Amino acid sequence: MLEHCILFAMDGVTSLFVDLEFLNVAILLIIGFASFIMIRVSYVINWASKHRCSTPLRPLSTMIVLGSGGHTAEMINLLAVLQMDRFNPRYYVAATTDNMSLQKARVLESSLREKDEFVGTSHFMQIYRSREVGQSFITSIGTTLIALTHALWLMFRIRPQVILCNGPGTCIPLCMIAFLFKVFGITSSSIFYIESIARVKRLSLSGLLLYKLRMADQLFVQWPQLKKQYPRSNYVGRLM
Amino acid sequence: MGRGSYIPMKSAGEDGFVSVDYFTFSPSIADHLKSASLVISHAGSGSIFETLRLRKPLIVVVNEDLMDNHQSELAEELAERKHLFCARPQTLFNTISEMDTENLVVYEPGDASPVARFINRFLGFST
């Protein structure tokens with residue numbers, strides 16, 4: 001009887017050992033995966049945002065995220081001086097609640113075509129916003145999830161090589177997904193964020209997020225005061 | 001007007017009164033701006049730069065009720081550089097009676113080509 005008990009106990013101990021071993025392997029795997037992600041993230045932040053040395057021979061597919069009102073006006077000013085044949089095809093994205101921005105982009109695109117230069121193709125699409133002004137916190141959880149899924153779907157379809165954005169929040173889900181795509185090696189897009197001219201003393205929430213989390217490859221500011229406060233940003237003068 | 005309850009009275013400007021007209025929305029206010037000799041505006045960057053480009057004297061009235069009041073940043077910076085006058089609802093009358101538009105400095109429009117050059121260089125395109 002006693003012998004049996006000991007045997008049973010031994011059985012329990014070995015199964016405990018097997019369990020422990022399994023647990024160890026799982027923990028090791030998790031640690032390994034986590035450190036892989038950490039290394040990837042720091043690689044993406046430190047190396048991928050350095051200057052590209054090789055000259056791109058082909059045009060780069062570009063996603064242009066249009067904010068609204070003043071933000072869109074600033075973006076259009078930038079697009080007006082970019083060599084559009086290099087940024088091709090272009091995917092314009094604006095919030096579903098913003099009727100004017102895509103219209104302005106269409107006007108710009110048709111004026112480019114009238115000039116008779118080769119400018120390539122352009123596409124126009126809308127994206128759900130995570131939160132509208134005045135929306136309650138509870139419902140905004142749901143809408144944020146919808147917005148993120150939609151952004152993920154758009155990014156998977158387009159996989160842009162360049163992302164141009166200048167706030168407000170519409171660009172954040174897209175930039176986050178683009179950053180994750182870089183970490184997992186799906187697509188490597190260069191993210192450029194231009195802070196609005198309306199920001200003189202402090203970055204906007206979107207700008208601050210992209211700056212602090214180092215998600216933007218390059219962040220531009222339009223006032224020298226901001227460059228002093230955020231040394232990793234680039235002061236490029238006024239766009240307006 | 002807008003979300004407020006005040007409705008201005010239209011006036012043709014007879015008998016020495018100031019002529020008053022108003023509208024709630026217009027797709028473009030460019031013609032109105034061009035015909036103005038003084039513009040009083042909110043602090044939105046669109047209105048500010050549209051007016052400055054036309055080289056019209058401008059008073060920006062900052063709405064202090066806005067929650068995230070970063071809009072005053074731009075107006076104050078441009079007022080410091082003497083491109084416009086910056087007022088609050090309470091000080092607008094003072095600003096109008098004391099201002100001297102001769103003191104304003106013409107705003108030279110910005111240039112997006114430095115950003116464009118930077119982006120091109122970063123991506124490896126020749127500039």
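Tutor: A contact means heavy atoms within 4.5 Å. Keep that cut-off in mind; this is a predicted model.

Student: What share of the contacts in chain B between residues at least 6 apart in sequence join residues at least 24 apart?

Tutor: The share is 37%.

Student: Which elements does chain B have, and in what order do they run?

Tutor: Chain B has five helices and three strands. From the N terminus on, the order is α-β-α-β-α-β-α-α.

Student: Why is chain B called more spread out than a compact globule?

Tutor: Set the value against the rule. The globule rule gives 14 Å for 127 residues, and the radius of gyration of chain B is 18 Å, well over that, so chain B is more spread out than a compact globule. The C-alpha trace of chain B spans about 65 × 35 × 30 Å along its principal axes. Of the 127 residues, 32% count as buried.

Student: What makes B:Lys82 partly exposed?

Tutor: Its relative accessible area is 46%. B:Lys82 sits in the loop between α3 (71-80) and β3 (85-87) of chain B.

Student: Turn to chain A. How do you know that the span of helix α3 (residues 100-114) agrees with what it should be?

Tutor: The expected span is 1.5 Å times one less than the number of residues. For the 15 residues of α3 of chain A that gives 21 Å; the end C-alpha atoms are 21 Å apart, which agrees.

Student: Which residues of α3(A) are buried, and what covers them?

Tutor: The buried residues are A:Ser101, A:Leu102, A:Ala105, A:Leu108, A:Glu109 and A:Leu112. They cover an arc of only 115° around the axis, so they lie on the same side of α3(A). What covers them includes α2 (69-81), β2 (87-95) and β3 (122-127) of chain A.

Student: What is the peptide bond from A:Asn88 to A:Pro89, cis or trans?

Tutor: That bond is cis, with omega near -5°. A:Pro89 is in strand β2 of chain A.

Definitions and conventions:
Residues numbered from 1 in each chain as written. Chains lettered and ligands numbered in written order. Predicted model: local features only at pLDDT ≥ 70, side-chain atom pairs only at ≥ 80, totals over all residues. Heavy atoms only, no water. Helix = DSSP H or I, 4+ residues; strand = E, 2+ residues; numbered from the N terminus. Buried < 20%, exposed > 50% of the residue type's maximum accessible area, 1.4 Å probe, protein only. Arc of directions from axis to C-beta. Rg over C-alpha atoms; globule rule 2.2 N^0.38 Å.
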